[in-house]
Amino acid sequence: MKKRPRGMFTFTGHKGWDERIDLKLSMSEQFLIAVTAFNRAVFSNGRQNKAFNADVFDLEPDLADLVYIDTPYISPFSDCDYTRRYHFVEGYCRYWKGVELTDTTTKKFRSYDTDFSTKARARGAFQKLFHHFRKSTLAISYSSNCIPAKAEMIDMLKNEKSKVTVYESAHRYHHGNHAHKVGNNNNEVVEYLFIAE
Ligand SMILES: C[S@@+](CC[C@H](N)C(=O)[O-])C[C@H]1O[C@@H](n2cnc3c(N)ncnc32)[C@H](O)[C@@H]1O
């Protein structure tokens, strides 16, 4: 992603390639920088840990004490089709298993359906997700530009949990390249972290 202008895979060729250092570094240089950063972030919690790549609703509801949620965010300024923008990363995470490549120069794959990416179904999807993990503490990343709005999210969380705390931070995006900010050049948002216990 760092070697793509705006971190996206929606086009081929060198459109948007400027003087940014990230675009100039080779893949091996990028890899060494990234692997060093990732390794520094890893520590042993002294337990056996598991990673899954699955539909969230196929995961056991009592999987964890704390569930961190970072869904695709619907914004009035952009769509949130991860397979269109980030198909390389999405494909790589699942070793392209179960995806259908399309006949395009970008080699993207056919979009798979997720309720979180449609305005009509997002509200129901969040309700179902909060209900699914109702036994865990929930931590949710969110933003002021998103649908459903903050107040609705809090209401839905309060249906499942007794205490909801919201942490807020004003943020200005410079390139509009964050997942839920693409296409929006106003770039003034409030980032939220909801904690529901
Ligand atoms: C905002 S991104 C998460 C980014 C990640 N937290 C990070 O920092 O790299 C949202 C992700 O949710 C995935 N997703 C969408 N619907 C899903 C579902 N029903 N079950 C599991 N994952 C889903 C998308 O494919 C996308 O990778």
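## About the model

This is a predicted model, where local features need pLDDT of at least 70, side-chain atom pairs count only at pLDDT 80 or more, and totals for chains, interfaces and linings use all residues. Residues are numbered from 1 along each chain as its sequence is written, and side-chain values use heavy atoms, with hydrogens and water left out.

## Around the ligand

Polar contacts (pairs of N or O atoms within 3.5 Å) reach ligand nitrogen atoms from an N or O atom in the side chain of Asp70, at 2.6 Å, and from a backbone N or O atom of Val56, at 2.9 Å. The side chain of Thr114 also places an N or O atom 2.8 Å from a ligand nitrogen atom. Taken alone, the ligand exposes 610 Å², and the protein buries 61% of that (Shrake-Rupley method, 1.4 Å probe).

## Two backbone details

Most residues other than glycine have a negative phi, and most peptide bonds are trans. Arg6, which is not a glycine, has a positive phi of about 60 degrees. Ile147 and Pro148 are joined by a cis peptide bond, with omega about -5 degrees.

## A helix pair

The axes of helix H5 (residues 119–132) and helix H6 (residues 150–160) come within 9 Å and cross at roughly 30 degrees (helices are DSSP runs of H or I with at least four residues; axes are lines fitted to C-alpha atoms over the stretch in contact, with angles from 0 to 180 degrees between N-to-C directions). H5 and H6 are therefore roughly parallel to each other (angles under 35 degrees).

How values were computed
Polar contact = N/O pair within 3.5 Å; in protein donor to acceptor, adjacent residues only side chain to side chain. Helix = DSSP H or I, 4+ residues; strand = E, 2+ residues; numbered from the N terminus. Parallel < 35°, antiparallel > 145°, perpendicular 65-115°, else oblique.
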